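Biologist: Before I rely on any of the terms used for this protein, I would like to hear what each one rests on. Could we go through them one at a time, with the structure in view?

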Amino acid sequence: MRDISETWLQFYKRLIYILNTETSDKVIDVDLVCSYTEILLRSYCELHHIEKFEFQEFSLSESQSHVSRRRFPPLIIDSFNAHAKYLLINHFSSTYEKIITFYKQVLLLQDLLPLTDEHYGIICNILSIPWTLEEEDFQDLWSRFLPIHAIRKLGVTINSSFAAHCLEGLVLIPSRISQSWRSHILSLSLSYNSDLALTAVKILPVFLYSSLNPLKYLFELSPCLLQCKNTDVQKELCKHFGIICCICSGSCSLYRQLDCDCGSEMLLQVKCTVCEKSQVSTDKSKPLPSPFVESLADLMIHFLSHPSELIRRESIQAVLPYFTHFEVKENVLSTSMHCLVDVDPVVRTKFSEVVGLALKPLFSVQRDSKWRQKIDELLMMKLQAALLASKQSGNVHFQKSIIYSIGEIGKNSDGGLLLINIISLLENYMTSIPSVKVVAFSKLKEIAESKQLKMQDLLKAYKDAICKFLAEFLFARNPDDANQTLFILEEIRTVFGYNDLKSFIHQNQHSILPYLIARETQRSSVFIETLATVLHKDRREILINNFPYIFSHFVCHCDKSDLEKALIFIQSETGLELGSLLRCNYQPVHNELLLHLSTHYQQVFSGLAILALKSGNLEGSSSIITHSEEMV
């Protein structure tokens, strides 16, 4: 800290001179006192080289040996208190607002001031006057400085703007001072249908931050918050609900800064250390009182499902902080995901921008497998319903917002949910609507980049499912000729970055063919013929060469009847009996089946038995394993 300047000392001496004026001789100029105090406090703050720093309650246990140098001189506050009592009793109407201003300035810099509990008690006593005029239960309010009966004798009325200024000051008082009374006042203010309720909502984050148990106090305030019918108040609450979630998680700090747009006004701002760094909070194992957390969830659901689209729009910004800090229950997740199909396009767009990061904690933190499966199923159901709704609507903007959301979720998900996202994006990429196609393609690329994969590697990771989609898409589109079939294959080839169609089909034919064969139709033959043409082979050759993969697929993934139908189709297409097909591919079929032993144990041995029987090696060869006992 720099030394106090001579100018500052002159201001200070002048202010002390004004305050030392006997109250019986002359009424002090409160405006002048407030101006001098503001200059001294602001410049004192600058001496500490502080623009933004954590706001901390003053600790009485700190050493006072350096107060004269590092703490603001207490004489100003003590002297002003003496004048304030005289002025309130004798000149209330003309001085009360100015007295409020003085104490608010003091409270905004209380961490630099040597304030005692008595100072705080006096300030709370004076700022509580608008409510002590009417209330009967004063709870833990300290009122010895200006007793209740003395206040009521004044016979004054106070408008809501004065009360709002008082409320802004009351929330800055440490939690150890009249907390029950101040909480009661805040609750009363929130229940009013006036500007006072708006002020109460704006300062709610600071009040919760300064309280010892923000979740408990929010639980107590929830009824009046949920019952509020004022749209402006609800909108303002939604604006602050995100940081309220952060405060309730215990990951916030309070900062003060000068608002350049508002002249010399000094502001307090609560910031979340987790959200500021875009981190995922992993400390969700700490047990929290269930009713308190549920009240937070109730508010989240209330805002997201509010009849007014203005409220729903504002509430979207709270989704990310809530999901970051708290374990998400099904009811909150379900309500949030409904925003995908909200009737308001602004809500849908806003939600699509945050849904990926909001869901990231669900996939990043270790969870119970049953819980994860339940959540994945819910998300899959919501995504599929949203896709269907967007297509049925015929609204391109609606479709694009759904596709964008799916892409954002895919970047942070894995397993089955990621696969659903990829297939959904591929399906939308194959549309005839150019703008939808562009969004789907860009999101597929972003998913691959988020997994640090090339597009071809993404295909390899989910080859079976993607090839199944391709086969089903071909049958669904039912192209009239080979050129249309080649066009569809080219589209998929382009997505995954293959240089030419031949290399794409060559590397993925063993995964595509089983799904084409499964239909056992004339159209299946046509599609297989098209693939063979691209590879410069005939249909018979491509089926024989890929028979180990085809046979293994049907043995492991299909029932007996489907296997029989597939084998009949292949025999018809190749002109070879099953025994011949197995004999000419004996070792590859054997090896391919064994690759699936760990995942399809029983099916593999059934396939090996068929191989031994139909290839004529049941007794003549000891190299084939047909029973598990032979593995020992």
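Biologist: How many disulfides does a search of the whole structure find?

Modeller: In this predicted model, the search of the whole structure finds zero disulfides. To be counted, a pair of cysteine sulfur atoms would have to lie within 2.5 Å.

Biologist: What makes Cys238 count as buried?

Modeller: The relative accessibility of Cys238 is 0%, and buried means under 20%, so Cys238 is counted as buried. The reasoning carries over to Cys467, whose 2% relative accessibility also falls under 20%, and therefore Cys467 counts as buried too.

Biologist: Why is helix α6 described as largely enclosed by the rest of the structure?

Modeller: Helix α6 spans residues 117-127, and nine of its eleven residues are buried, so the helix is largely enclosed. The buried residues include His119, Tyr120, Cys124 and Leu127. Among the elements that cover them are α4 (75-90), α5 (92-108), α9 (160-170) and α10 (179-191).

Biologist: How do you know that α22 is roughly antiparallel to α23?

Modeller: The axes of helix α22 (residues 415-429) and helix α23 (residues 434-450) come within 8 Å and cross at roughly 150°. Angles over 145 degrees count as roughly antiparallel, which is why that term applies to α22 and α23. The crossing in which α22 passes α23 is left-handed.

Biologist: Which residues of α22 and α23 meet?

Modeller: From α22 the residues include Leu418, Ile422, Leu425 and Tyr429, and they are part of a contact whose α23 side includes Val436, Ala440, Phe441 and Ile447. By class, the contact of α22 with α23 has ten nonpolar, one polar and two charged residues.

Biologist: And for the chain overall, what share of the residues is buried?

Modeller: Buried residues make up 52% of the 632 residues in the chain, which has 34 helices and two strands. Among contacts between residues at least 6 apart in sequence, 70% join residues at least 24 apart.

Methods
Residues numbered from 1 in each chain as written. Predicted model: local features only at pLDDT ≥ 70, side-chain atom pairs only at ≥ 80, totals over all residues. Heavy atoms only, no water. Buried < 20%, exposed > 50% of the residue type's maximum accessible area, 1.4 Å probe, protein only. Helix = DSSP H or I, 4+ residues; strand = E, 2+ residues; numbered from the N terminus. Contact = heavy atoms within 4.5 Å. Axes fitted to C-alpha atoms, helices over the stretch in contact; angles between N-to-C directions. Parallel < 35°, antiparallel > 145°, perpendicular 65-115°, else oblique. Left-handed = near helix turned anticlockwise from the far one by under 90°. Nonpolar A, V, L, I, M, F, W, Y, C, P; charged D, E, K, R; others polar.
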